[in-house]
Structures are given as C-alpha cells and as structure tokens.
Amino acid sequence: MHPDATSPSHRIARVAAHLNPTRPQMEEPAALRPAACRAKGGAPGFKVAVVGAAGGIGQSLSLLMKMNPLVSVLHLYDVVNTPGVTADVSHMDTSAVVRGFIGQQQLEAALTGMDLVIIPAGLPRKPGMTRDDLFNKNAGIVRSICEGVAKSCPNAIVNLISNPVNSTVPIAAEVFKRAGTYCPKRLLGVTTLDVARANTFVAEVLGVDPREVNVPVVGGHAGVTILPLLSQVSPPCSFTPDEISYLTNRIQNGGTEVVEAKAGAGSATLSMAFAAAKFADACLRGMRGDAGIVECSYVASEVTELPFFASKVRLGRGGAEEILPLGPLNDFESRPGEGEEGAEREHSEGRVVHEQVRSYEWTVPNLIQICKD
Ligand SMILES: NC(=O)C1=CN([C@@H]2O[C@H](COP(=O)(O)OP(=O)(O)OC[C@H]3O[C@@H](n4cnc5c(N)ncnc54)[C@H](O)[C@@H]3O)[C@@H](O)[C@H]2O)C=CC1
Ligand SMILES: O=C([O-])CC(=O)C(=O)O
C-alpha cells in the first residue's frame, strides 16, 4: 500500500473519485488503466472473461462468477450494454475485481492476460428454430471472438456456450489452428446443462435430491445427439423401458421445452448460467491442481471416430487432461435412432455418431467459406 494511502487527504480523494464516477469500472482508452483500477480485495486467483456478458446468460453468469472465490479479476465484454452490467455486478462485496469492456475495439483489452474465457455470445433460438438455424450468425461471432483469444490470451482455456455447440466448437478449433495456437485440451464446449437436466429429471423419477444424482451425457448438444447414459447413473439404479423413453426424450428436448415456454423471449438463460458457472468452477479447480475433477464436455476426441464428441473429461491444469472412455453402453444407448428434424438415418451407425457426422460435414464447407470472407 502507498505510504499515504490511509492519510485523510488520500481517503478524501478516494471518496471524491467514488462520488464522481465516470463509469469507474469501464475501460476507457484514455482513462483508467488496469494497474490504476481500485482493487476490491485483490485476492489471489484466476483472471476470467465473460464474452457476451450483457446477454441473458451473460448477466447471470457474470453474477455467479463474481461470487466465485477462485476468481480474482473478472472482465465483462459485450458489444452493447456492458457499462450497466459492470457497474451493477461490481457492487457485489466479493473479492473479484470487475472491469467492463464494450465493442470490438476493446476486445483485445478485455482478453489480454485471461486464464479462462467463457463465451455465451450469440443469438438464441425462437420457437420453431433448431440450433443449427443459429449457425450463420453465431459462426461469425464465435470466429471473431476466437481470433481475439488467439491474439490476446492464446493460452487461456475456453468454455464455449454459443450455439450450435456441435458446430461452433469445430469452428473455434479451426480459428485457433489457423492462428497456430490450437491446443485441443483448452477448447471445451459446454454441455453441462444437458447433465443438469438429466440429473434433475432422473431425480424426479427416483424421488431423490438431484444433488445426489450424476448422469453422464455424451454425444453432442442438439436433439438426438444428446445421449444420456442412463445405464451409468450414479448412484446405481434401474429404469423401466417407459421411464428410459420418457427421460431420454425429455433430456434431449429440454432446450426446446424452455424455448417454447419462453414463447419468443429466448432460450434457457438462468439454468444455463448456473450450469456454465458450475463448469467454469470445475475448470478453475482443475487449473488450480485439484485432483479428480471430472465433467462432461464437447471436446476434440478419439473416443469415437468423430473429431469432436461430448464425454466425461478429467479437468486439470491444462484443461481437458484426459478424455475418459464411454464405458459399457446398453442396447438402448447404442441402437440406431431416428434423425433429428427428419434427417435420414444411415444403417450401420449409431444415432449419436450419425448425427455428429452430419453436423460436422455440414459445418466444414460453411466454415471454410466464412474463414475465406
Ligand atoms: N451450450 C448450451 O447449453 C446453451 C447455449 N445457449 C446459447 O448461448 C447463446 C447466448 O444465449 P442468450 O444469452 O440467451 O442470448 P442473448 O441474446 O440474451 O445474449 C447474447 C449476447 O451476446 C452478445 N453478442 C453478440 N455478438 C457479440 C460479439 N461479437 N461479441 C460479444 N458479445 C456479442 C449480445 O450483445 C448479447 O448481449 C445462444 O447462442 C444460445 O443458443 C443457450 C442455452 C444453452
Ligand atoms: O435450446 C436452445 O436453443 C438453448 C440450448 O442449447 C439449451 O437450452 O440446451
């Protein structure tokens, strides 16, 4: 601390600065520099950025990350409305220092030095849309954010939420490859909401506390690519065929259930922010060196022949340190299924594999086109 920091004149100057704040936590190019920002606590911890912080997910997620004691610095970035969210969140008396950034010209400052970048930027669905309908808009958004990550914090772990996750993760990988910064361990598609839904719905059927239930959910994050492994539920239990059918259908369509209930006002935001905060916390604990942190995530994978696949991963200092095998699947989990939205089924492949292939094949030409633009 500066020797005069506790003197009356210094304290009055500090109070005056607080009474006349010019967006005190916002990064103004000619105003506050990071080093000059007042520190609220300055606890040791990780530097985390939320990109898309002013959105439905972003605001709640920013609040939850401000509550996380592992976060020492929290950067909130969006193309609109970050000053208000930043001012609001920064009044929470938890230790993380909050700084806001707005617009493309501040993306670099927002990302510089970050350990973890969480990306909930992009359009949400409306009733009648599939996640793939978001591709054209969200691919470009994810691409420009990931270019910023490659430039400003190439070693950061990325938690990618923007839909369609089955396609945005491969796009992010391609951007990082082109920049020469790609590390598959550090790119994690967030599928935690599928697990949260599976835990909740299974707990309802079993009549137990959802916090006691853990259902691995593998595959991808759209319709039938979401495959809950109900044969591997912890604690061990069994279901009737009707229960399996009900649970699988409800988990796969959980996103649509919320989209329809919101009737045009967007998709899941609160449960998603909760799930994203849980996943980010697991990543931070892994980065800290805690042992035995295992979560499902959509990652580059050799678990199947597909390049990307959601499955259990062990999180460590460098991200997804180990991709765990799927384990034994029962007949229901491995049988071929109907394709989403009338997609054709290929005879020899299981439904998860099939849908993933379609999603990826559809993505690559678009990706190449986008990257050429
Ligand atoms: N992975 C998952 O399980 C889930 C993913 N999602 C997806 O998350 C995304 C966000 O959903 P919501 O928060 O409900 O949408 P929203 O529209 O409420 O918020 C999106 C935010 O992104 C911002 N944004 C747009 N372009 C940006 C850019 N280039 N850089 C930074 N920020 C930018 C917008 O200004 C807005 O504040 C959607 O794509 C949605 O489909 C939603 C729920 C679950
Ligand atoms: O359904 C959507 O569009 C949002 C989402 O990914 C989910 O809630 O799982």
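Biologist: How many salt bridges are counted between domain 1 and domain 2?
Modeller: The model is predicted: local features need pLDDT of at least 70, side-chain atom pairs count only at pLDDT 80 or more, and totals for chains, interfaces and linings use all residues. Residues are numbered from 1 along each chain as its sequence is written, chains are lettered from A and ligands numbered from 1 in the order in which they are written, and side-chain values use heavy atoms, with hydrogens and water left out. A salt bridge is a side-chain nitrogen of Lys or Arg within 4 Å of a carboxyl oxygen of Asp or Glu. Between domain 1 and domain 2 the count is one salt bridge.

Biologist: With which residue does K185 form a salt bridge?
Modeller: The closest N and O atoms of this pair are 3.0 Å apart. The partner of K185 is E321.

Biologist: What distance separates the centres of domain 1 and domain 2?
Modeller: Domain bounds come from an automatic or database domain assignment, with domain 1 covering 42–188 and domain 2 covering 190–336 + 351–365. Taken over C-alpha atoms, the separation of their centres is 21 Å.

Biologist: At what angle do the axes of helix 5 and helix 6 cross?
Modeller: Helices (H or I, at least four residues) and strands (E, at least two) are DSSP runs, numbered from the N terminus. Axes are lines fitted to C-alpha atoms, for helices over the stretch in contact, and angles between N-to-C directions run from 0 to 180 degrees. Helix 5 (residues 135–152) and helix 6 (residues 165–179) have axes that come within 9 Å and cross at roughly 35°.

Biologist: Which residues of helix 6 meet helix 5?
Modeller: Contact means heavy atoms within 4.5 Å. Helix 5 contributes F135, A139, V142, R143, C146, E147, V149 and A150. Facing them in helix 6 are S167, T168, I171, A172, V175, F176 and A179.

Biologist: At what angle do helix 7 and helix 8 pack?
Modeller: Helix 7 (residues 192–206) has its axis 9 Å from that of helix 8. Residues that meet there include F201 in helix 7 and Y246 in helix 8. The packing angle is about 150°.

Biologist: What is the omega of the peptide bond that joins S234 and P235?
Modeller: P235 lies in the loop between strand 8 (226–228) and helix 8 (241–252). The bond from S234 is cis, and omega is about 0°.
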